[in-house]
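Please take a look at the protein below.

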Amino acid sequence: RDCCSVCRMGNNLSQRLEHAQKSGVLALENQDLKAVPNEVQGVVAKLRSLNLQQNKIRQLASFLAACVNLKTLNVDFNLIESLPEFMSAWTKLETLTAQRNQLTSVPPQIATLSALKSLNLSSNRIAVFPIALVQLKKLAFVDLSNNVITELPSEAADLSAIELSLNNNQISRIPDSLGRNSTMKVLRLEKNQIGKDGVPPSVLKSSKISTLLLDNNPITAKELSNIDGYEAFEARVTAVRRKLETSDG
């Protein structure tokens, strides 16, 4: 327990907990906390939103397993090394953001977060793409940028996400299977290791992707335009642009 930080919060913590008891919203950002205060245990069942960003927390307290009504969790800018296995209790969670921590992997229990819509695990040390995400049918936005992921596996074809961000990783190839994905429209792969053989024609021809960002990769714009299926990709880009122009007008 981080007594010093809790003591410094004093009445401030009591006021925030009282507010949380009524509103279901608890904000403890930027409080120099090294652990979640034990006092939070008294309101966990009521919490819908918990903000712990910009602290020095290394591990999420086990009593947070009782946050069964939690919809939003923000633990950005901490020192967390692993997401807890008890996260499987958060069946109502819709938004999870844990960017800029020290995560090296994603536990398979994330597959139980059936309500999850948005996941941001950017700027960590994750080395393997979490295949368990394909089981989350409501997941629309995934950000795994600024990690050390070396491969986008073929199973990624079964992702439900509309947008997948993998900027600044170590990926050298987009899997052929992504060509059969029916939901993804935006794929961000800037600052990776994708060469001219790393973009399969099936992704350009058959996928729904209309935003494909490949800046700062070995592949050049000319090499991309020479890949079979590029005309079909360009047609999707143009169709989306016209649709946006029409809606703006």
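This is a predicted model: local features need pLDDT of at least 70, side-chain atom pairs count only at pLDDT 80 or more; totals for chains, interfaces and linings use all residues.

Residues are numbered from 1 along each chain as its sequence is written, and side-chain values use heavy atoms, with hydrogens and water left out.

Student: Which are the edge strands of the open sheet?
Tutor: Nine strands form the open sheet, in the order β1-β2-β3-β4-β5-β6-β7-β8-β9, with parallel pairing. Strands are DSSP runs (E, at least two residues), and two strands pair if DSSP finds at least two bridges between them. An edge strand pairs on one side only; here these are β1 (25-27) and β9.

Student: In β7, what is the bridge partner of Asp143?
Tutor: Strand β6 covers residues 141-143 and β7 covers residues 163-165. Three bridges join these parallel strands. For Asp143, the partner in β7 is Ser165.

Student: Is Asn217 buried or exposed?
Tutor: Buried means under 20% relative accessible area, exposed over 50%, and partly exposed in between (1.4 Å probe, protein chains only). Asn217 has a relative accessible area of 11%, so Asn217 is buried.

Student: Which backbone nitrogen does the side chain of Asn217 reach?
Tutor: Asn217 lies in the loop between β9 (211-213) and α4 (221-225); helices are DSSP runs of H or I, at least four residues. Its side chain reaches the backbone oxygen of Leu189 at 2.8 Å. At 2.9 Å, it reaches the backbone nitrogen of Ile194.

Conventions: A polar contact is a pair of N or O atoms within 3.5 Å; within protein, one must be able to donate a hydrogen and the other to accept it, and residues adjacent in sequence count only if both atoms are side-chain atoms.
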